[in-house]
Amino acid sequence: MKFSRKKLRHMFSFSWRDLWVAAAIFLCATGACVLLHQLADTTDGFASPVYVLAVLLISRFTDGYLFGLIAAVLGVIGVNYVFTYPYMAFNFTIAGYPLTILTFLVVSLVTSALTTQAKEQDRLRMENEKVKMRADLLRSVSHDIRTPLTSIVGATSTVLDNPALSKEEQTALLTDVRDDAQWLIRVVENLLSITRIGNDQAKITKQPEAAEEVLGEAVQKFRKRFPAVAVEARIPEELLLIPMDAILIVQVLSNLMENAVFHGGTTTRITLTVQREDNWACFTVRDNGQGIPPQKLGLLFTGTIRDNETSPGDGKRNMGLGLSVCMAIVRAHGGTMEARNADPGAEFTFRLPLSKEEQTI
Amino acid sequence: MMIREKILVIEDEKSISHFISTVLNNNGYEAMQAQTGEEALSMISSHCPDLIILDLGLPDMDGLEILRNLRSWSSLPVVVVSARSHERDKVAALDLGADDYLTKPFGTDELLARVRTAIRHTRTVSGNDEIARNGTYTVGDLVIDYNKHQVRVRGENVHLTLSEFRIVALLGKYAGKVLTYDFIMKELWGPRASGDNQILRVNMANIRRKIEKNPAEPEYLFTEMGVGYRIAEGN
């Protein structure tokens with residue numbers, strides 16, 4: 001019985017927003033009737049349809065059945081008591097009156113039922129999407145993890161089982177192990193970022209951060225990993241404070257810079273820029289590599305690109321996870337992200353809103 | 001035989017403890033290992049190590065608890081190791097008196113650099129003996145002149161405001177060490193300074209614009225995201 005009671009409570013749920021919506025619609029209907037009454041001197045013919053319409057709208061725009069039914073009852077009273085002869089008195093002897101009452105109730109119930117159903121379906125669809133996203137993510141991650149793990153286990157066993165290996169061979173194998181482990185660390189950092197965003201949308205804590213500190217952190221991290229690639233960071237003259245979760249935005253910048261190296265192929269220089277564009281902080285990551293194959297541009301942020309498709313870059317690396325994490329982070333900030341080819345190289349741009357109010361999108 | 005500095009590694013993960021100890025032993029230190037908080041506390045009192053590397057996630061007690069216990073009777077340098085990437089754990093450890101922190105995963109270079117810095121700090125009483133000797137702190141082209149209340153870059157006075165100078169002076173006094181936002185706020189604006197560190201960050205942005213060639217690629221004043229600031233260590 002617990003389930004049905006819960007369902008019942010859901011059907012008759014109350015919210016202040018719904019109360020205001022219902023009250024506003026009902027007042028409008030009453031106003032219309034008063035106006036018609038003054039213009040035409042009688043509302044006998046008009047009141048019913050006006051109130052039916054009101055009941056229909058209320059049922060449609062509020063949750064559950066509660067307000068629709070209340071509106072139906074009030075509608076019946078309004079039509080009978082106020083706007084039907086004799087005015088300001090009840091008269092239930094009018095011919096066909098039961099039909100009017102029935103109409104009100106049926107309109108209210110049917111509309112409420114349809115609305116509830118539509119909302120339920122929306123919710124299910126969203127949930128399905130979430131499940132699908134999670135499955136995609138898991139697939140992408142497992143894929144990202146399996147290859148380096150295989151190589152780590154293989155290389156370390158080779159070193160342990162073959163004491164006769166030359167020093168150079170050992171060094172080469174162990175270097176591979178280190179590189180693969182570092183790759184795994186990056187995958188895990190991305191996963192941690194996702195847990196930091198949380199399951200529900202936009203539950204991040206923003207703090208105003210200085211543009212140069214965020215860029216500085218990302219550049220410093222990147223230089224440690226890729227000392228051979230030149231990085232340049234450009235910031236505006238005046239101090240730009242941007243509301244954000246800095247750890248997440250550094251992750252976005254790191255991912256974009258790493259992609260520039262792994263997938264740009266020939267990248268030797270990366271330029272990071274932050275500038276103010278009205279109410280937005282605009283971040284750009286530009287490289288001088290070979291750019292993004294045109295047929296991939298549209299699919300970039302969907303996480304659907306698989307390794308065998310990412311042609312010339314690093315064969316086993318999949319750029320799906322990194323970019324979808326970037327996208328999720330930027331979205332959670334209420335921002336936008338885009339990519340284009342800049343000839344030479346690729347350019348990724350994302351914008352974050354500067355005013356705190358916009359974070360609730 | 002050379003006397004080697006003793007370092008106690010408090011870490012429950014055997015593989016990590018093993019790797020840290022191997023690195024330390026091969027770089028002129030003598031490493032000891034403790035797997036639990038209980039064991040660690042007894043080893044600290046019996047072996048008197050010169051430095052402690054402390055993992056915050058121990059099986060039997062919170063690493064912060066060990067730190068609190070230790071700080072009640074000793075100023076022995078502590079480098080905290082934490083797998084949690086959340087910055088508030090680092091801040092809590094630093095505010096409890098940890099000297100530095102390492103976030104897992106870290107490399108051997110990083111580990112050795114932190115250990116060197118932390119041990120050097122214990123050798124000098126005020127944390128920075130150049131200030132005690134000459135009244136200045138020098139790193140690269142930057143000179144903090146404590147007598148003249150001036151900061152010079154390549155010989156030029158950079159004209160800091162009073163607050164700005166006090167921030168730089170404080171960082172210089174603890175050169176190489178991360179100072180948390182909270183610590184700096186309290187040192188500068190008193191113990192009842194508001195929890196909002198906006199004013200500090202605006203000051204810092206101004207300082208950087210006066211001192212650094214490119215504020216986004218600092219040579220002297222580093223930001224530890226979400227934790228605090230650090231000035232580069234002297235020559």
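**Close-up views of chain B**

**View 1. An open sheet in chain B has five strands in the order 2-1-3-4-5, with parallel pairing.** Strands pair when DSSP finds at least two bridges between them, and elements are DSSP runs numbered from the N terminus (helices are H or I, at least four residues; strands are E, at least two). At the edges, each pairing on one side only, lie strand 2 (29-34) and strand 5 (100-103) of chain B. From one strand to the next, the twist averages 20°. Angles run from 0 to 180 degrees between N-to-C directions of axes, which are lines fitted to C-alpha atoms, for helices over the stretch in contact. This is a predicted model, where local features need pLDDT of at least 70 and side-chain atom pairs count only at pLDDT 80 or more, while totals for chains, interfaces and linings use all residues. Residues are numbered from 1 along each chain as its sequence is written, and chains are lettered from A and ligands numbered from 1 in the order in which they are written.

**View 2. Here strand 1 (residues 5-10) of chain B meets strand 2 of chain B in parallel, over six bridges.** Look for B:Ile10, which stands opposite B:Ala34 in strand 2. Helix 2 (residues 37-47) of chain B lies across both strands, running at about 170° to strand 1.

**View 3. Chain B is divided into domain 1 (5-123) and domain 2 (129-231).** These bounds come from an automatic or database domain assignment. Nine residues of domain 1 are in contact with nine residues of domain 2, contact meaning C-beta atoms, placed from the backbone, within 7 Å. Helix 4 of chain B gives the most to the domain 1 side, with five residues.

Definitions and conventions: Two residues are in contact if their C-beta atoms, placed from the backbone, lie within 7 Å.
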